[in-house]
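The exercises below concern one protein chain. Work through each task with the structure open, then compare with the solution.

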Amino acid sequence: MKKGIALSLVLLMVVFAIVGCGAAGGSEVVGTWKMSEVEAAGQTITIDQITELMPNMESLLNMTMTFEQGGKVKVEAAGISGEGTYKVDGSKVTISAEGQSMDFTLENGKMVIEQNGTKCYLTKQ
């Protein structure tokens with residue numbers, strides 16, 4: 001139970017960090033990406049599994065990022081939406097907004113962000 005609560009808190013921090021940032025661009029990322037799984041403490045769990053265990057987390061974990069041609073991105077998570085720019089450099093995707101930026105990595109067809117030892121995976125829809 002404690003592990004579930006700790007994982008939930010880490011997920012919330014990642015979601016809020018992502019929502020607070022924005023994005024500029026490459027065609028391989030154009031489209032909508034949705035958070036699909038989380039890896040923490042050597043364990044990987046899907047968003048569906050998390051919401052099955054903790055149904056009240058569903059709205060917080062329902063995060064999408066829509067990358068548009070021309071370098072714009074829209075982020076929606078936890079009932080909050082934001083916009084920014086993104087830039088692609090090889091497998092690195094940098095999202096920027098309001099003077100802040102975050103780096104994602106493209107790995108095996110997924111977009112990954114790692115923060116505080118936790119990896120969040122987004123899958124293109």
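Phe67 is buried, at a relative accessible area of 2%; buried means under 20% relative accessible area, exposed over 50% and partly exposed in between, with a 1.4 Å probe and protein chains only. The model is predicted, so local features need pLDDT of at least 70 and side-chain atom pairs count only at pLDDT 80 or more, while totals for chains, interfaces and linings use all residues. Residues are numbered from 1 along each chain as its sequence is written, and side-chain values use heavy atoms, leaving out hydrogens and water.

**Exercise 1.** Find the aromatic pair in the structure and classify its geometry.

Solution. 
- Step 1: Apply the criterion: rings of Phe, Tyr and Trp (its six-membered ring) pair if their centres lie within 6.5 Å; planes under 30 degrees apart count as stacked, over 60 as edge-to-face and the rest as tilted.
- Step 2: A search of the whole structure returns one aromatic pair. The ring centres of Phe67 and Tyr86 are 4.8 Å apart and the planes stand at 90°, so the pair is edge-to-face.
- Step 3: Phe67 belongs to strand S3 (residues 64-67) and Tyr86 to strand S5 (residues 80-89), so the pair ties together parts 19 residues apart in sequence. Strands here are DSSP runs (E, at least two residues), as are helices (H or I, at least four), numbered from the N terminus.
- Step 4: Check burial. Tyr86 counts as buried, at 1% relative accessibility, and Phe67 is buried at 2%.

**Exercise 2.** Describe how strand S8 pairs with strands S7 and S9.

Solution. 
- Step 1: Use the rule that two strands pair if DSSP finds at least two bridges between them.
- Step 2: S7 (residues 100-107) and S8 (residues 110-115) are antiparallel, with three bridges. Thr105 is opposite Val112 in S8.
- Step 3: The S7 and S8 hairpin has two residues between its strands, and Asn108 in the turn has a positive phi of about 50°.
- Step 4: S8 and S9 (residues 118-124) also run antiparallel, joined by six bridges. Lys110 is opposite Thr123 in S9.
- Step 5: Two residues separate the strands in the hairpin of S8 and S9, where Asn116 has a positive phi near 55°.

**Exercise 3.** Where in the protein chain is confidence lowest, and where highest?

Solution. 
- Step 1: pLDDT is the predictor's confidence in each residue, from 0 to 100. Its mean over the protein chain is 82, and 79% of residues reach 70 or more.
- Step 2: Confidence is lowest in helix H1 (residues 2-19), at a mean of 42, and highest in S3, at 96.
- Step 3: Over residues 1-25 pLDDT stays under 50. Where pLDDT is low, the predicted coordinates should not be read in detail.

Technical notes:
Contact means heavy atoms within 4.5 Å.
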